[in-house]
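Try each task yourself before you read its solution.

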Amino acid sequence: MPKTTSGAVAPAAAKFLRRGKVKEVYEVSPTELEFRFSDDISVFEKHIPSEIPHKGETLARTASHWFGLCERLGVPHHFLRLSGPTAMRVRRVQVVPQPKTLGAYPKNYLVPLELIVRYYLAGSMWDRVKAGKVGAEELGFAKGKTLEYGQPLPTPHFEVTTKLEPVDRLLTMKEALELSRLDAQQMDGIRETILHVDAAMQKEIGPRGLLHVDGKKEFAVDSEGVLMVVDTFGTADEDRFWDKDAYDRGRHVDFSKEFVRQHYRQSGYYDRLISARAAHAAEPPIPPLPPLLVDEVSRLYTTVYQRLTGEAFRPTDRARSAPS
């Protein structure tokens with residue numbers, strides 16, 4: 001290991017491990033990772049060839065804010081600290097697509113699931129309702145009730161998708177338990193944790209005029225077998241927020257990445273993509289965002305940060321603030 005000019009042993013350089021949709025993951029030590037958030041953006045599992053100024057910094061700082069909430073609530077999590085304007089340090093766990101390879105009672109691993117809770121009828125759930133794939137009863141409504149976009153669900157709707165596959169797919173609870181190697185009691189604990197955290201989030205953002213519509217969270221099992229919240233949550237990428245005043249007037253003003261999704265829906269790209277996937281054909285490349293829309297999306301991310309955290313967004317001088 002190299003030494004500094006004072007003779008002390010210098011820390012080893014972070015080792016690149018992998019790149020996700022919007023962040024790179026580096027190994028800092030056997031027990032610690034660093035997430036470095038880019039200004040990239042993705043929708044429908046497709047990486048858009050456009051960069052959104054300040055997006056990475058808003059994600060890192062928003063994630064830090066919500067992990068602070070977990071700390072206050074006593075909810076276990078993997079967050080350690082921010083290590084730069086677009087970087088954060090986290091506790092490391094094993095990432096394996098099939099946890100059953102780790103033995104009968106695996107520990108210290110990423111649960112390969114995304115856990116989604118919906119409070120209003122929107123997003124992909126609305127797509128499934130329109131397509132006749134989900135009925136009113138499945139969402140807790142009376143049989144035969146006419147459903148409308150944006151209406152509150154009678155009870156929070158919990159669903160599970162895959163995490164480490166090229167395209168996320170919905171799972172039955174039986175499939176989710178088998179894939180993750182969790183038992184029913186652990187899954188119930190995850191559900192309770194999400195509802196507890198989400199209730200605290202809504203209590204905080206409500207006075208700032210926001211409604212938490214839906215969101216996803218990820219979990220890991222630590223070395224002691226305790227479930228903990230990992231990755232990031234509560235940002236404009238993972239969650240959907242609406243302006244409450246507009247909602248009360250019958251409008252749905254998104255403060256989330258849904259704004260970008262709608263651009264590709266309206267342009268016809270989404271329909272072409274879904275058709276190609278259904279036919280197992282080559283997927284059409286996603287076009288870049290128009291320059292004016294890039295500026296608008298950048299303002300969206302900084303605005304969401306400010307309304308979620310209650311803090312003004314002032315960009316950090318990255319040239320003087322490299323990850324530590």
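The exercises below cover a helix pair, a cavity, a pocket and a loop residue.

This is a predicted model, so local features need pLDDT of at least 70, side-chain atom pairs count only at pLDDT 80 or more, and totals for chains, interfaces and linings use all residues. Residues are numbered from 1 along each chain as its sequence is written, and side-chain values use heavy atoms, with hydrogens and water left out.

**Exercise 1.** Describe how helix H1 and helix H4 pack.

Solution. Two packed helices are described by the angle between their axes and the distance between the axes. Start with where they are: H1 covers residues 55-73 and H4 covers residues 184-205 (helices are DSSP runs of H or I, at least four residues, and strands are runs of E, at least two, numbered from the N terminus). Next, read off the geometry: the angle is about 115° and the axes are 11 Å apart (axes are lines fitted to C-alpha atoms over the stretch in contact, and angles run from 0 to 180 degrees between N-to-C directions). Now list who meets whom: His65, Trp66, Leu69, Cys70, Arg72 and Leu73 in H1 touch His196, Val197, Ala200, Met201, Glu204 and Ile205 in H4 (contact means heavy atoms within 4.5 Å).

**Exercise 2.** Find the residues that line the largest cavity.

Solution. First, the term: on a 1 Å grid over the protein atoms alone, a cavity is a set of points where a 1.4 Å probe fits but cannot get out, a pocket is an open set with protein on both sides within 12 Å along at least five of seven lines, and lining residues have an atom within 4 Å of a point. The largest cavity holds about 30 Å³ of space. Its lining is Thr58, Leu59, Thr62, Thr235, Ala236, Tyr301, Val304, Tyr305 and Leu308. Helix H8 (291-309) gives the most, with four residues.

**Exercise 3.** Which element gives the most to the lining of the second largest pocket?

Solution. Start with the centre: of 13 lining residues, Arg128, His157, Glu159, Leu170 and Leu171 lie nearest to it. Then check the contributors: helix H2 (123-130), strand S10 (152-162) and strand S11 (170-171) each supply at least two residues. S10 comes out on top, with four residues.

**Exercise 4.** Is Ala142 buried or exposed?

Solution. Locate Ala142 in the loop between H2 and S10. Its relative accessibility is 52%, so Ala142 counts as exposed (buried is under 20% relative accessible area, exposed over 50%, partly exposed in between, with a 1.4 Å probe and protein chains only). Leaving out residues up to four places away in sequence, Ala142 touches Ala136 and Glu137.

Key: Points joined across faces, edges and corners; volume = space filled by probe spheres on them.
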